[in-house]
Amino acid sequence: MRAGTFATRRYALRWSPEWPAPDLWVTEAEALFVKLCWEMVDAAYELVELRRDA
């Protein structure tokens with residue numbers, strides 16, 4: 001299940017030269033974390049719920 005579709009920016013973070021860089025997607029306006037993929041730990045994390053209380 002996904003939380004929706006968002007305009008995002010994609011970044012590759014380099015913590016160490018020996019590690020593959022994880023890819024991180026955040027929304028453009030709020031820099032809200034949407035997705036992370038990192039082959040070093042064979043993992044992916046994705047936003048599945050977003051509530052905006054007025």
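This is a predicted model: local features need pLDDT of at least 70, side-chain atom pairs count only at pLDDT 80 or more; totals for chains, interfaces and linings use all residues.
**Entry 1**

Residues are numbered from 1 along each chain as its sequence is written, and side-chain values use heavy atoms, leaving out hydrogens and water.

Next I searched the whole structure for aromatic pairs and got 2. The rings of Trp19 and Trp38 have centres 6.0 Å apart and planes at 55°, so I call this pair tilted (rings of Phe, Tyr and Trp, the last by its six-membered ring, pair if their centres lie within 6.5 Å; planes under 30 degrees apart are stacked, over 60 edge-to-face, the rest tilted). The pair links distant parts of the chain, 19 residues apart: Trp19 is in the loop between S1 and S2, Trp38 in S3. Helices (H or I, at least four residues) and strands (E, at least two) are DSSP runs, numbered from the N terminus. Trp38 is buried, at 16% relative accessible area.

I counted 5 bridges joining S1 to S2 and 4 between S2 and S3. S2 and S3 form a hairpin with 5 residues between them, and Ala31 in the turn has a positive phi of about 55°.

**Entry 1: along S2**

S2 is mostly covered, with 5 of its 5 residues buried. Asp23, Trp25 and Thr27 point one way, Leu24 and Val26 the other. Lys35 lies over the face of Trp25, 5.2 Å from the ring centre (a charge sits over a ring if NZ of Lys or CZ of Arg is within 6 Å of the centre and within 35 degrees of the ring normal).

I finished with Asp23, which stands opposite Cys37 in S3 and opposite Ala12. The Asp23 side chain makes a polar contact with the side chain of Arg10 at 3.0 Å (N or O atoms within 3.5 Å; within protein, one must be able to donate a hydrogen and the other to accept it, and residues adjacent in sequence count only if both atoms are side-chain atoms).

How values were computed:
Buried means under 20% relative accessible area, exposed over 50%, partly exposed in between (1.4 Å probe, protein chains only). Two strands pair if DSSP finds at least two bridges between them.
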